[in-house]
Amino acid sequence: MFHLLDIIGTIAFAMSGALTAMSKKMDAFGVFIIAFVTAVGGGTLRDVMIGRTPVGWMLDLEYVYVICIACVFAVLFRKKFDRLRTSLFLFDTIGLGVFTLIGLEKGINIGLHPIVCIALGTMTACFGGVIRDILCAEIPVIFRKEIYATICILGGVVFFILKSFDFDDDLLYLTTSLVIISVRLMAVKFKWYLPTFENK
Amino acid sequence: MFHLLDIIGTIAFAMSGALTAMSKKMDAFGVFIIAFVTAVGGGTLRDVMIGRTPVGWMLDLEYVYVICIACVFAVLFRKKFDRLRTSLFLFDTIGLGVFTLIGLEKGINIGLHPIVCIALGTMTACFGGVIRDILCAEIPVIFRKEIYATICILGGVVFFILKSFDFDDDLLYLTTSLVIISVRLMAVKFKWYLPTFENK
Amino acid sequence: MFHLLDIIGTIAFAMSGALTAMSKKMDAFGVFIIAFVTAVGGGTLRDVMIGRTPVGWMLDLEYVYVICIACVFAVLFRKKFDRLRTSLFLFDTIGLGVFTLIGLEKGINIGLHPIVCIALGTMTACFGGVIRDILCAEIPVIFRKEIYATICILGGVVFFILKSFDFDDDLLYLTTSLVIISVRLMAVKFKWYLPTFENK
């Protein structure tokens, strides 16, 4: 079940990458690479920083195949995505929850401090998008507009609070994902933003 | 022989980096760094992702010396490069072939799947240029225009097909390089491009 | 004492990151991340490239706390920084010296060649700023204008020359920092620049 959600998240992230790349008029290779780094870039960065090498996608080709299919799909239906926007947004939100949990878990497995685990969860979920934006020569969107990473941090905090109450693992994962997903839906619906600061 | 070609490729990549940096009006340090990352950035990224650390150039200073010399040469003859364009293009194409093979080999050495090895070959040959473009705040040229990475992928596929027929190692390397080099020459001569996709 | 200077450098780097992020109109998360990568990005890159993982800040949370405090301070006093400019510049210069020494040391510890150690020192001191500029979609300032990295390289050369004369460790560290700090002060006062090269 969890694995299925991971795949759904990967598809959503890859598609968002492919759509961004097409809007930048990249060629087929560019579209694939941007889709790829959007989907696995966060996890790759995490693996490199904690020394878990070769990085994840090199040992489990399923991600590579899924991203290829997502790319083909994104290219074929590129003019229909306005209608698919809601589904894509939902998938992306599932990805946000699942990827955060995967990142948290990797940190816990090697005994890192909760604060570092939360950073790893946020990195896994959000930094694929950061690398995508850098490769498109843009200031990363999560630094400017959307409240996105903050939700992962919040999810991580909830995770460790529940864990300290000895929650059962399944329940722990379920609750954390639901918190992330529902806060994200609310953030978009009610247009929540983080403050910015004028310094001039 | 192979080592000599590796050095020729390194020189070509370093010079292309130095020329790009000068056209961006960078200072001497910037020129050196851009030359350096263009030449060894792809291999460094590969080494970091497969956990081969300290990364290659830290253990074999020859690359550092060669890049320094290439930089000095590029600065001194910077106004003459229009005339050297054909040589530089040929050197760059040799680099493309050799670097792809080196990347493939590193992946095979640690037992990774052929698809991942092809990714590592492409990364070694092409991602120095990607890092160069990011440091110059540009969308990487290989995502937009030139058919370049695709040739490395093609070379990798040819490599594994031949390997499955139990080709002798020397012949395997030679054939793969020749495929990469000749397809690249044809791609430029006949102006082959990958498709792009309008999504607006 | 050395540790205190390390903290002062971290604060200065984090603040310079936070101020840059605010001037780019980033939100609170963006300000924190840019402050964070400016302060620890160089060391993280170094650790990843030499295989010292999990990277430094994951094992010593002190940096995380110090950067958080520096961020809050930078946000609260963001309109007063014109007056604090001189102090910030001094702190930043201390950071330059200390971070170079830390990088040199990590390289020596694992037996790398002096040239590579100098590269690691320069990376530790300067590449946080490079990552900051990339995340702000700018060509890194140290490639274009300020004589900054060159001072770290010079410091590294002085370090190894003195070391070859069997200087006592404390004296070695002190002299190297003083060289870096005083050359930096002079470079800014007398407006020293590296040459750039017209190639058009």
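1. C:Phe32 and C:Phe36 are separated by about one helical turn, because they stand four residues apart in helix H2 (residues 28-50) of chain C. The model is a predicted one. With ring centres 5.8 Å apart and planes at 40°, the two side chains form a tilted pair.

2. The partners of this pair fall into two classes of accessibility. C:Phe32 has a relative accessible area of 25% and is therefore partly exposed. C:Phe36, at 11% relative accessibility, counts as buried, since the limit for that class is under 20%.

3. In chain A, one aromatic cluster is formed by A:Phe32, A:Phe36 and A:Trp57. Over all chains, the count of aromatic pairs comes to 24.

4. One of the pairs involves B:Phe29 and C:Phe143, whose ring centres are 6.1 Å apart and whose planes meet at 50°, so this pair is tilted. It joins two chains, because B:Phe29 belongs to helix H2 (residues 28-50) of chain B, whereas C:Phe143 sits in the loop between helix H6 (114-135) and helix H7 (149-164) of chain C. Both B:Phe29 and C:Phe143 are buried.

5. The copies use different surfaces, as 9% of the contact residues of chain B recur in chain A.

How values were computed. Residues numbered from 1 in each chain as written. Chains lettered and ligands numbered in written order. Predicted model: local features only at pLDDT ≥ 70, side-chain atom pairs only at ≥ 80, totals over all residues. Heavy atoms only, no water. Phe/Tyr/Trp six-rings, centres within 6.5 Å; stacked < 30°, edge-to-face > 60°. Buried < 20%, exposed > 50% of the residue type's maximum accessible area, 1.4 Å probe, protein only. Contact = heavy atoms within 4.5 Å.
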